[in-house]
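Me: I'd like to go through this structure with you, a bit at a time. Could you show it to me first?

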Amino acid sequence: MRILVIEDEKKIAGFIKRGLKEEGYAVDTASDGEEGYYLARTNDYDLILLDVMLPKIDGIKLCKKLRKDSEKTPVIMLTAKDRVKDKVEGLDSGADDYITKPFVFEELLARIRAVLRKKAGSSTVTTLALSDLSVDLLSHKVIRAGREIRLTTKEYALLEYLMRNPNTIVTRTMLSEHVWNIDFDTDTNLIDVYVNYLRKKIDSNSKKKLIQTVRGRGYILKD
Ligand code: CA
């Protein structure tokens, strides 16, 4: 899952980026409304975290602009504590949710998960399953045939993306867009290396191989 953080306060942006990366999200940052607008229109994000007070274009205007362009990416607004007006205007401008600064990081994570679940069409599902493989989206616990599998953050992010798009060809471009950051130079070899790590952990002990290579296209996760 790839997230765009539009926040001009470097310290906050850095803190959010670090925390989200530790959770396995790919994160890009923009420090003003113009740059944020450009990135949001250029790349395919799963979610946008948008500060209200921003240079060049403020968060409310930016959100309206994105919605006017039919940009459907979910938006969570970062609002200042005592500005009720921001919350109301934020939601009215097309944001999906808001969080008040300063916030506890765990709460931000929970709101992100909730908004992503809503986007996926089911606000109650917290586990994804395919065949005898299951992924707990809250604890990041991965189980295959009753056995827990330990994954690195990147491997988990890859698997979660594949699990969210089962029985579909997932290209290397899609993986680089949703699992890696914008500054990742699209070295597809690296993607293959990670898929192989993941495959070893997920498939090597099972007869049924879930991760399959589609020659010249990418990968498919299927039963
Ligand atoms: Ca700000």
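Predicted model: local features only at pLDDT ≥ 70, side-chain atom pairs only at ≥ 80, totals over all residues.

Me: How are the donor residues of the calcium ion spaced in sequence?

Reply: The calcium ion is coordinated by Asp8 and Asp51 through OD, and by Met53 through O. The distances are 2.1 to 2.3 Å. Written along the sequence, the spacing of these donor residues is D-x42-D-x1-M.

Me: How many residues apart in sequence are the parts tied together by Asp8 and Asp51?

Reply: Asp8 sits in the loop between strand 1 (2–6) and helix 1 (10–22), while Asp51 belongs to strand 3 (residues 47–51). The pair therefore ties together parts whose separation in sequence is 43 residues.

Me: Are helix 2 and helix 3 roughly parallel or roughly antiparallel to each other?

Reply: Helix 2 (residues 33–42) and helix 3 (residues 59–68) pack at an angle of about 25°, and their axes are 10 Å apart. Angles under 35 degrees count as roughly parallel. Helix 2 and helix 3 are therefore roughly parallel.

Me: Which residues in helix 3 meet helix 2?

Reply: The helix 2 side of this contact is made of Gly33, Tyr37, Ala40 and Arg41. By class, the contact has 4 nonpolar, 1 polar and 2 charged residues. On the helix 3 side we find Leu62, Lys65 and Leu66.

Me: What is the handedness of the crossing of helix 6 and helix 7?

Reply: Helix 6 (residues 153–164) packs with helix 7 (residues 172–179) at about 120°, with 10 Å between their axes. The two are therefore oblique to each other. Their crossing is right-handed.

Me: How many nonpolar residues are in the contact of helix 6 with helix 7?

Reply: Helix 6 brings Lys154, Ala157, Leu158 and Tyr161, and these meet Met174, Leu175, His178 and Val179 in helix 7. Sorted by class, that contact has 1 charged residue, 1 polar and, to finish, 6 nonpolar.

Me: How far apart in space are Thr126 and Ala114?

Reply: Thr126 lies in the loop between helix 5 (105–119) and strand 6 (127–130). Thr126 and Ala114 are 12 residues apart in sequence. From C-alpha to C-alpha, their separation in space is 9.4 Å.

Methods. Residues numbered from 1 in each chain as written. Heavy atoms only, no water. Axes fitted to C-alpha atoms, helices over the stretch in contact; angles between N-to-C directions. Helix = DSSP H or I, 4+ residues; strand = E, 2+ residues; numbered from the N terminus. Parallel < 35°, antiparallel > 145°, perpendicular 65-115°, else oblique. Left-handed = near helix turned anticlockwise from the far one by under 90°. Contact = heavy atoms within 4.5 Å. Nonpolar A, V, L, I, M, F, W, Y, C, P; charged D, E, K, R; others polar. Donors = N, O, S within 2.8 Å, 3.2 Å for Na, K, Ca; no water.
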